[in-house]
Amino acid sequence: MKCLFLYNPNSGKGKIQRKLQLIERMLKMRYDEVTLYATKSAEDLQRKAAEGAMVYDTLIFSGGDGTFNLVLGGIGERKVDLGYLPSGTANDVARSLGIPKNVKKALKVILGGRRETLDCMNIDQTGYAMYIAAAGAFTSVTYSTPQKQKKRFGWLAYVFECCKKQMKFDSFPIEVTCDGRTEEAKAVLILVMNGRSVAGFSVNKKASMQDGKMEIAILRERENLGFWGRVRAFFEILRLFFRGSKCGSKHLLRLSGAEVSIKAGENVVWDLDGEKGDSGNIDIRLLPRHVTMFVPKNKKI
């Protein structure tokens, strides 16, 4: 059995770099051959993931949700077991699956956890997302916040970025078709979710990555919001993130299904697993049990 470990030597304040001996030693408890590879860029990571999926039994990687997205895009249709050491800021995929951020504990999931097949999202037939496709208020924060600030302040860097640039709530017209049902709305925020956690909050707590469906939350507001309209929108967003599935509001539209098509203007930019995606219309199809991954032994997913 062979495994490839991909890591960014500069991410997570160099934590993974300092743990390399531990990582290699523990992985050798399970695998006959362990290869460690320090990635040089996002493109290099995705390329190496694609190559590794054809050669190795297991592909293990460290990083945040954006790293997960790059690996997912790299492996594409190839079948390979995945192991994950979360070392990002929010780590929503890891939170959804119960994978601990502690390196040694995350390694124990790979060594002694269970192997499960998980749903993921197919974006416009060519791309992938593991847990979220989102647009509107605050969604650009994950990719617009400078990396230096994230390394220095962690999750608080997102808060600073929100306060500095993201407090203007512009509604935008959308048409959403989910499993044959069509709704029109003017939205300030739309979340298409496969995971439980979004931005570190249990927004979709009752969801599963094995239930064959996505959950959609659309926060609706009228156009040209004034001051008080923006205040209301802000508190509606807070309610959604803090109360999650318990949040009930006349401004909130919820849908669920295996296929969703969204028509939106070219000014609407999509966030895919914390990475900047395309603008405008988007088609999302759930791929049931597409990803094979090690998860905690006794965790309900």
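Trainee: Does D44 count as buried or exposed, and at what relative accessibility?

Mentor: The model is a predicted one. The cut-off for a buried residue is under 20% relative accessible area. D44 falls under that limit and therefore counts as buried, its relative accessibility being 8%.

Trainee: Which residue meets the side chain of D44 in a salt bridge, and which residues form the network?

Mentor: R47 is partly exposed, with a relative accessible area of 38%. The N to O distance in the salt bridge of D44 is 2.5 Å, and the partner is R47. The network of salt bridges links D44, R47, K48 and E51.

Trainee: How many residues apart are D81 and R115, and which strands hold them?

Mentor: The side chains of D81 and R115 meet in a salt bridge at 2.9 Å, N to O. This pair links distant parts of the chain, with D81 in strand β4 (residues 81–86) and R115 in strand β5 (residues 114–123), a separation of 34 residues.

Trainee: What are the relative accessible areas of D81 and R115?

Mentor: Exposed means over 50% relative accessible area, and buried means under 20%. D81 is buried, at 14%. R115 is exposed, at 54%.

Trainee: Where do E236 and R239 lie, and what is the N to O distance of their salt bridge?

Mentor: Both residues lie in helix α10 (residues 227–243), three residues apart, about one turn of the helix. E236 counts as buried at 9% relative accessibility, whereas R239 is partly exposed at 33%. Their side chains meet in a salt bridge with an N to O distance of 3.7 Å.

Trainee: Which helix gives the largest share of the positive surface patch?

Mentor: The patch is formed by R18, K19, R25, K104, K105 and K108. R25 has its place in helix α2 (residues 20–27). The largest share, three residues, comes from residues 103–112, helix α6.

Trainee: Why do the buried residues of α2 line one face of the helix, and within what arc do they fall?

Mentor: The buried residues in α2 are L20, L22, I23, M26 and L27. Viewed down the helix axis, they line one face because their directions fall within an arc of 165°.

Technical notes
Residues are numbered from 1 along each chain as its sequence is written. This is a predicted model: local features need pLDDT of at least 70, side-chain atom pairs count only at pLDDT 80 or more; totals for chains, interfaces and linings use all residues. Side-chain values use heavy atoms; hydrogens and water are left out. Patches are made of residues with over 30% relative accessible area and no salt bridge: like charges are joined within 9 Å, nonpolar side chains (Val, Leu, Ile, Met, Phe, Trp, Tyr) within 5 Å. Accessible areas come from the Shrake-Rupley method with a 1.4 Å probe; for residues, only the protein chains shown count as cover. A salt bridge is a side-chain nitrogen of Lys or Arg within 4 Å of a carboxyl oxygen of Asp or Glu. Lys and Arg count as positive and Asp and Glu as negative; His and the chain ends are not counted. The place of a charge is taken as NZ of Lys, CZ of Arg, CG of Asp or CD of Glu. Helices (H or I, at least four residues) and strands (E, at least two) are DSSP runs, numbered from the N terminus. Buried means under 20% relative accessible area, exposed over 50%, partly exposed in between (1.4 Å probe, protein chains only). The arc is that of the directions from the helix axis to the C-beta atoms.
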